[in-house]
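Please look over the notes below with the model open.

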Amino acid sequence: MTDKFISIEGIAKRYPGRSGATTTIFENLWLSMARGEFACVIGHSGCGKTTVLNILAGLDAPSEGAVIVDGQAISGTSLDRAVIFQSHALLPWRTVLGNVAYAVSSKWRSWDRARVKAHAQTFIDLVGLTGSEHKRPSELSGGMKQRVGIARALSITPKMMLMDEPFSALDALTRGTLQDEVRRICLQTGQTAFMITHDVDEAIYLADKIFLMTNGPGAMLAEVVENPLPKDRGRTDLHRHPLYYALRNHIIDFLVTRSKTFVAERPDHDPRNVPTVQIGKPGLTIASDAKPESPREASWPGLSRPSTSS
Amino acid sequence: MNSSLRLRAAIVSIALLAAFLGIWHLATRSTAPVATMSPEYAKLMGLTATQGKSAMPGPLDVGAKLWEHLKRPFYDNGPNDKGLGIQLAYSIARVGTGYLLAVLVAIPLGFLIGMSPLLSRALDPFIQVLKPISPLAWMPLALYTIKDSSISAIFVIFICSIWPMLLNTVFGVASVRKEWINVARTLEVGTIRRAFTVILPAAAPTILTGMRISIGIAWLVIVAAEMLVGGTGIGYFVWNEWNNLSITNVIIAILLIGIVGMLLDQILARFSRLVTFPE
C-alpha cells in the first residue's frame with residue numbers, strides 16, 4: 001500500500017435527522033487503492049457504499065475528511081473519474097452514438113463532429129455494439145444499455161472507473177458476459193476500478209481487493225480481503241482453485257454474521273489501519289472460519305454453510 | 001386488425017353523424033300549425049308564423065349558409081359585416097400573439113423556477129393565487145391600464161395561457177431524473193450546456209403538454225374576450241349574429257370555433273410527438 005493512487009482519508013457522512021439529531025451513515029472511513037487496482041466493496045444495503053462511491057465521483061461531498069486522487073484532493077466531479085450507473089442512465093432522446101459522443105464532446109470540446117464520432121465509434125466497437133450505433137436506448141436490451149454505459153465511461157479515457165452495482169439489474173448470462181468484458185478492458189487498459197456489488201462471485205472474479213463494510217448506520221470498513229486467486233483467473237475454472245471456497249466462505253460469513261457483530265466484537269478496531277486478510281496464509285488470516293481442507297465443504301462446494309460460531 | 005378497427009370506428013362515426021343530422025332535420029321540420037293572418041301582419045311575423053317553420057335552422061339551412069360563407073370568406077362590407085375568414089384571422093392573430101408572449105415568458109421563467117428551489121418556494125404563493133383567477137376578471141383592469149380593447153384581449157390571452165405552461169415547465173424541469181443530471185455532472189458539463197442538452201430535452205414532453213393545455217384555454221377564452229371587447233373576431237361575430245337573431249350564423253360560428261380549436265390542438269400534438277422519447 002505504498003502507492004496510494006486513491007486515498008480516502010477519514011471521511012464521514014451525516015444527515016440531519018428529526019428533532020435536531022444527526023444520523024451518521026459512516027464516519028472516520030479510511031481506504032486506499034493503488035493505480036491499476038480493481039476493488040470491490042461488499043456490504044449490506046444502508047452501509048453507505050453508494051455514498052462512498054458518490055463521494056469518490058464528486059457527486060456528493062463528505063461531511064468530514066477528504067478524498068485524494070493522484071495526489072490531489074478532489075472537489076466536485078471530474079472527467080478523470082467516470083461513473084457507470086446502476087440504472088445505466090442513458091439519455092433516452094439520444095442514440096447509442098449520441099450518448100457516447102455526448103461524453104466525448106464534453107471532454108474534448110474543440111473536437112469537430114467527425115473526430116468525436118470516430119472516437120465514440122471506437123468505444124462502441126470495443127463493447128461489441130457495432131451496428132447498433134443509431135438505435136435509441138429504448139430499443140436496446142438491458143445488457144446492451146449497460147454496454148453503452150460502459151462505452152460512455154471508457155470513451156473519456158478516465159483515470160478511474162466507478163461502478164455502482166452495474167450488473168445487478170441484468171440476467172445471469174448477460175451479467176457473466178459483461179463481467180468478462182469489463183475484466184478484459186480493465187486488464188488491457190490498466191484501469192483503476194472501484195465497484196460496488198452485492199454479488200460475492202462477481203467480487204471474487206473481478207476484484208484484486210475486496211472491502212468488507214459492516215452494517216450501517218455507523219458503518220465502518222471492517223477488513224480488506226486480498227484476492228488470492230491468480231491474476232489470469234478464468235470464469236470457468238475459478239471455483240476449482242484451492243482457495244476459492246475459503247475466500248468465498250470468508251466473505252459470506254462476514255455478510256451473514258460478522259457484519260452485524262463486528263463493531264461489538266472488535267472495540268479496538270482502528271479505522272486507519274484496517275486489517276488486511278490474506279486467505280491461505282494462516283499467519284495473517286484473521287477469520288477463523290476459513291477451513292479450505294474441511295471435507296464437508298469439499299463434498300458440497302457452494303452449498304456448505306460453515307458454522308457461524310467463531 | 002388495426003386497420004379494420006380504424007375502419008369500423010370511421011363507420012360508427014359517420015353513422016353517428018348521420019343520425020345526429022337526421023334527428024336535427026326531423027326536429028326542425030315545418031310542423032307547427034300555420035296561423036291565418038292578414039298579409040301585412042304576416043310580413044312582420046316572418047316564416048315561423050306564416051309557414052310553421054321552426055325558429056331553429058335545420059341542417060340544410062346551416063349547410064347552405066356555410067357554403068355561402070365558404071365561397072366568400074374574406075369579404076369586408078364594413079364593421080358589422082365581414083367574412084368569416086377575416087373574423088377567424090383576427091381571433092387567431094390575437095390568440096397567437098398573446099400565446100407567443102406567454103411562451104416567451106413562461107418557459108424561461110419556468111426554467112429558472114424549476115432549477116432554483118429558492119425561487120420555486122418564493123414564487124409559489126403568487127402563482128397559487130394568480131392561477132385560479134378567471135382571465136376575464138383581468139379585463140377591466142387591462143382596459144383601464146392599456147386603454148386599447150384589442151391589446152387588452154391579447155393581454156387576457158397572455159394571462160390565461162401563461163399558467164399551465166409555467167407550471168408544467170417548472171414541474172418538468174424540477175423532475176428531470178437525477179441520474180441524467182449526474183451524467184452531465186460527471187462529464188463536467190457547464191450549467192448552460194446542461195440546461196440545453198439534458199434538462200430541456202428531458203423536460204420537453206412535459207413543457208409541450210403545458211403548451212397544449214394553454215392553447216386550448218386561450219382558444220376558449222378568446223371567444224368570451226371578443227364578446228366583451230367587440231369590434232372584430234369570431235367571438236364578436238357570435239354576439240353580433242345573436243343580436244341579428246341569425247341562429248344559422250351562430251351555429252356556423254360554433255362549428256368553426258370547434259374546428260379551429262381542434263386544428264390548434266393537433267398542431268401542438270404534432271410538436272409534442274417530435275420531442276417525446278420512449279424510455
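**Notes on the predicted model**

1. Helices α2(A) and α10(B) are roughly antiparallel to each other (angles over 145 degrees count as such). Their packing angle is about 175°, and the axes lie 13 Å apart. Axes are lines fitted to C-alpha atoms over the stretch in contact, with angles from 0 to 180 degrees between N-to-C directions. Helices are DSSP runs (H or I) of at least four residues.

2. From α2(A), the contact (heavy atoms within 4.5 Å) uses A:Y102, A:S105 and A:S106. From α10(B) come B:R193, B:T197 and B:V198. These residues divide into 2 nonpolar, 3 polar and 1 charged.

3. Over all chains there are 9 aromatic pairs (ring centres within 6.5 Å). In one of them, A:W93 and B:W180 have ring centres 5.3 Å apart and planes at 85°, so the pair is edge-to-face (over 60 degrees). A:W93 sits in the loop between β6 (81-84) and α2 of chain A, and B:W180 in helix α9 (residues 178-186) of chain B, so this pair joins two chains.

4. Chain B is divided into domain 1 (2-56) and domain 2 (84-275), with bounds from an automatic or database assignment. Their C-alpha centres lie 38 Å apart.

5. The unreviewed UniProt entry places "transmembrane region" features in chain B, including residues 217-239 and 245-264. Such annotations may be inferred rather than shown by experiment. Residues 217-239 of chain B are 83% helix, with end C-alpha atoms 20 Å apart. For residues 245-264 of chain B, the values are 90% helix and 29 Å.

6. This is a predicted model: local features need pLDDT of at least 70, side-chain atom pairs count only at pLDDT 80 or more, and totals for chains, interfaces and linings use all residues. Residues are numbered from 1 along each chain as written, chains are lettered from A and ligands numbered from 1 in written order, and side-chain values use heavy atoms, without hydrogens and water.

How values were computed
Parallel < 35°, antiparallel > 145°, perpendicular 65-115°, else oblique. Nonpolar A, V, L, I, M, F, W, Y, C, P; charged D, E, K, R; others polar. Phe/Tyr/Trp six-rings, centres within 6.5 Å; stacked < 30°, edge-to-face > 60°.
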